[in-house]
Amino acid sequence: EQPPPAEGEEEPSGEGPPDQEEEEGDERQADDYQGEDDRADEPQEGEYDRGDYPEPQRDEQEGRDDSHMDYDPEEVKADYDEQDDAKDEDMKYEDKDVDFKEEEKEDAKEDQYFEEEKPSEAGRSEDPRAEVEQDAPEDPRARLAAGAVQIGAAPDATINCAPACGGKILMALCDGGFQHLTAATRASVGVKAGRYLFECRIVENRLMHESGKVRVKQHVCLGFSTKGSPMMLGDSAEGIGFDSEGYFVKAGEWSRNRLTSRFAHYGPVYGVLLNLDPSSPNMNTVSVFCDGERLCRPQTLPESMRGKVLYPTINYKNMTLQVNFGPSSWAKMPFMCRMLQDAAVDDVELAASSADSGSKPEVLFPIGLPDQGTFEWLDGFLKENPKYTELSNRSLLEWGVKSGLYRVRNAWPGCNDKPDMNFGVRDIDEYNLQSLIHSVAPMLPRDYIVMEVRNNLLREERAKSLANFAGGGFRRVAVVVVGEPTAAFKAKAQGQALEERRKKVGAEVRRQKEAEARARRDKKTAEEKKENGEGDAKVAEEEEEEDLEGAVLKAEEACQLTDEDKKACWFPLKDNEDLTKKELGRHFSSFTLPDTAEGFDEVRYLWQGESEAAAYLKTWVSERKLTQRVDDLQPGAHFKEQIAAWNDQLQEWRRRHGERRDLPRRRGGEKNRRLEKKDERREGEDVPESGKDEQGEGQEKAGEEAEEEEITLDAVDPMCVEDILDIGIGEPLFANFSWEDWAMLTLRFKLHLLVHSYRLDVNDPERLSFAESQLSFYYDKYFKKQLSVKHFGVNSNLELLALVRDTIEVTPKKLILDPQLSVDAPFDIFVRLTEEHRRERQCRFDLGDESAQLRLQQERGRSGGQHQGGDGRGQYQRQHASGGHSQQRYDGGRGGQPGGYNGQSGYSSRGGGGSGGGSQSGSHRGGSGGASQSSRGMSAIGQGSGQASRYSSGAQAGGPPRGGPPPAPPRGPSGGSSGGYHSGGRGPPP
């Protein structure tokens, strides 16, 4: 805080003198751009840079300027002390049981892991850079031969590593995406005893530009690693090294702080010293030097690397390095030290290479089926044979991650054969770099393994891969891993499956036990807790915890795999698939096994013999043909012809169904004419004798019953009708169809046509149909419309197919659609099946089976259960009369306007309990009164037993309304069949 101004002085602005504000701002801005090396010149703790500010006058006794203060400094100090005490009181932790000792131990342990070794032996100086190492004594043992130490040679080098000048210069490929990948190499000679040094100098630092921005960094890491471990020093527990940024990596963990300054370019010589000499005070350590001067204290080797042969390892990116292994050093060391090239033969070990054997390098092409252990076999093979270099998309992805590239969050994983990179680097994300690698690999003689599941199973793609390694420089071998795997492989897969099952069982048991324990604790009352005491409660909780762990362990041990599980578990479970479903469905039918005629020098069958593997592949392909969908399938000529003919026929049937609205009026007129003729005939005849009266009346009555008996629709067998357009009384078989029945009719035909068209278009004798899970896909493929099972009142494809099981059935095991009709089935068979199904539902519904009722949802824009006309709206309602039959009600429009059917006048049909014990009376009500006059609306009320309904239109009563009677309402459980437009108390209409 600024002190208050003295009397006569101006109040300070709080921002310093005006003439220096601009200068200070410029200085602060300049300081922001200073590097870390310049920060060493900044004022340290206790020092202050005051610039041109004048020094304040100091009081001789108090040591500060109090001349302008109008308050007592002692009182201010006392106030500050009281505030500090209050803050300390507030900062006390409420939980006094918090133990900081464990955290302190962990921090100390972590710091000790990367702690620079402090000199503890006598005679060592406190200066960390003071040397305690002694000169190397004369060694009469045999030395390595000249040029024995090599680096950058296969197989201990990445593909982008390009050694030059006999391994003295290390360069790297820096184009086509290689500039984003770290090059790594390991020397051919490893140290197992003694103290030896190698040196390195940065001679070139490349700046790679992309879109005008520097996106690629340069770095180098010098260290040691064991044989067979990853060459990336930060990726293995058996690696140690010093990074050019000043950090140190040990056993895969990086130091939190810099141990050294950054490496300089174009001059300084950096040396890495490995000390395995038991007589040295720095035994089992590694040190880094710059121009012969130690940069930090020696760093200890991790336990995983002690007692093993350690090889010099170099990681670098976008740099050119000059490497020196001896016999003489470039920089003068503070003590006599031998270079690695000058090492004794007994202290080192030479790594064997494929070039020493004199045989050709091999190129392996694994042939395996998707999701059947191909990648798992490869992982085991590479672990046993680290000399092979994997060429695959997954190895490129792993290389990019180890090189410091970051993938986009929530990246889609893709498949194992071709994973999505998502690095934000075009050359890598679009797989351009993978093509470049396949072009560079044949130039570098080493053992390769080309891992591509899809391409290795296709004959054409195998030919392309073989052409890359043509010329006789490589031995090309196909390795077939198809069929039943070996016992060791199955045991590993079964062990993994058992472990996963035990985890699930243990988690479920733990959840149940914790819920039970929580319930028991909730039941305890506060009084019981007080009686038992806090100590007893803690003991009880510890006992519950022990019981929980014991129950979980017991449940996991009891979980075992059955013999059936072992037979079905040949391959390990994995989260990601080897091939996408689209790629698998497109190419699996073309999968073949290789032979020597393709150009392979050898074909090895590792799991089963050639004949068994071929039979296994054939069976696998046949099974996939029933379950894999064909993405590039297109509708053929048969489908287009049939669907066009069906649409025309369906339109004709719907037209005939609409014309049936005039049928009740015509039938009523014919019946009235027959009754009038009968009355005239009776009036013209003489009265018969008494004896003949009874016989005559009986014959006449029988004749009348026979005359009135007519052929009804329900009495006709749908399968025996010759013409579905006329069942014998001028009515079609689909006379009582509602919109639900028409929807089911269309569904039957479309599914029938879909299955047969699929078989004809695929034209494969092994692909006669498809699985029910693919029904929606093929329905959309052919009809260009999504199949929504919700519109049919069901929740799955199986429930939908159960509605039309007379047309399509589903096989029980593989759930394949099986058509029940031939491909040339006539169209009228679907009308017969629909009518038969409608009657069956009606019978079940009349017996009280509510499940027989269809729950279809009508699509928008079509007339059906709801009709709109003008401002009115009508809706069918199903009710139950006292006689047990269902009845329909069609409520007219609201708002004063009559409802309409297809924009016409509205009707209300309501069945009432007539005298016939379950018969229905129809009532068309459009207004008040028995008969109302309306230009468009109609009203007819039938009341009482035997009273007929009347229609009124305009001023004329007794005749049909203008425009004809209303259409017949839906029948059966789908729409109801007993409601309708019939006379009161006289039963259903003809």
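Trainee: Which residue forms a salt bridge with Lys574, and how far apart are the closest N and O atoms?
Mentor: This is a predicted model, and the distance is computed from its atoms. A salt bridge here needs a side-chain nitrogen of Lys or Arg within 4 Å of a carboxyl oxygen of Asp or Glu. The partner that meets this condition for Lys574 is Glu376, and the closest N and O atoms are 3.8 Å apart.

Trainee: How many residues apart in sequence are the parts that this pair ties together?
Mentor: Lys574 belongs to the loop between helix 14 (563–568) and helix 15 (581–587), while Glu376 belongs to helix 6 (residues 374–384). Lys574 itself is partly exposed, with a relative accessible area of 28%.

Trainee: Is Arg462, which meets Glu598 in a salt bridge, buried or exposed?
Mentor: The side chains of Arg462 and Glu598 come together at 2.8 Å, N to O, and the pair links distant parts of the chain, with Arg462 in helix 11 (residues 459–468) and Glu598 in the loop between helix 15 and strand 24, 136 residues apart. Glu598 has 17% relative accessibility and counts as buried. The cut-off for that class is under 20%, and with a relative accessibility of 2%, Arg462 is likewise buried.

Trainee: Which helix holds both Asp828 and Arg832?
Mentor: The side chains of these two residues, Asp828 and Arg832, meet in a salt bridge of 3.4 Å, N to O. Asp828 is partly exposed at 23% relative accessible area, whereas Arg832 counts as buried at 7%. They are four residues apart, about one turn of the helix, and the helix that holds both is helix 23 (residues 828–846).

Trainee: How many salt bridges does a search of the whole structure find?
Mentor: Side chains of opposite charge can pair when their charged atoms come close. Some residues are joined in a network of salt bridges, and one such network links Glu362, Arg475, Glu602 and Arg604. For the whole structure, the search finds a total of 43.

Trainee: Which strands stand at the edges of the open sheet of five strands?
Mentor: The strands follow the order 21-22-20-23-24, and their pairing is parallel. Strands at the edges have a single partner strand each, so one side of each is left without a neighbour in the sheet. Neighbouring strands are turned by 25 degrees against each other on average, direction ignored. The strands at the edges are strand 21 (389–391) and strand 24 (602–605).

Trainee: Which residue of strand 22 stands opposite Leu364?
Mentor: Strand 20 (residues 362–367) and strand 22 (residues 448–450) run parallel and are joined by two bridges. Across this pairing, the residue of strand 22 that stands opposite Leu364 is Ile449.

Trainee: Which residue in the hairpin of strand 1 and strand 2 takes a positive phi?
Mentor: Strand 1 (residues 161–164) and strand 2 (residues 169–172) run antiparallel and are joined by four bridges, and the bridge partner of Cys161 in strand 2 is Ala172. The hairpin has four residues between the strands, and the residue with a positive phi, near 60 degrees, is Cys165.

Trainee: How is helix 7 placed against helix 9, roughly parallel or roughly perpendicular?
Mentor: The axes of helix 7 (residues 393–402) and helix 9 (residues 432–440) come within 11 Å and cross at roughly 110 degrees. The contact is made by Asn393, Leu396 and Trp399 of helix 7 with Leu433, Gln434 and Ile437 of helix 9, and by class it has four nonpolar, two polar and no charged residues. Angles of 65 to 115 degrees fall in one class, and therefore helix 7 is, against helix 9, roughly perpendicular.

Trainee: What is the relative accessibility of Lys784, which has a positive phi although it is not a glycine?
Mentor: Most residues other than glycine have a negative phi. Lys784 has a phi of about 55 degrees and is placed in the loop between helix 21 (775–783) and helix 22 (797–803). Exposed means over 50%, and Lys784 counts as exposed with a relative accessibility of 60%.

Terms used
Residues numbered from 1 in each chain as written. Predicted model: local features only at pLDDT ≥ 70, side-chain atom pairs only at ≥ 80, totals over all residues. Heavy atoms only, no water. Pairing = 2+ DSSP bridges. Axes fitted to C-alpha atoms, helices over the stretch in contact; angles between N-to-C directions. Buried < 20%, exposed > 50% of the residue type's maximum accessible area, 1.4 Å probe, protein only. Parallel < 35°, antiparallel > 145°, perpendicular 65-115°, else oblique. Contact = heavy atoms within 4.5 Å. Nonpolar A, V, L, I, M, F, W, Y, C, P; charged D, E, K, R; others polar.
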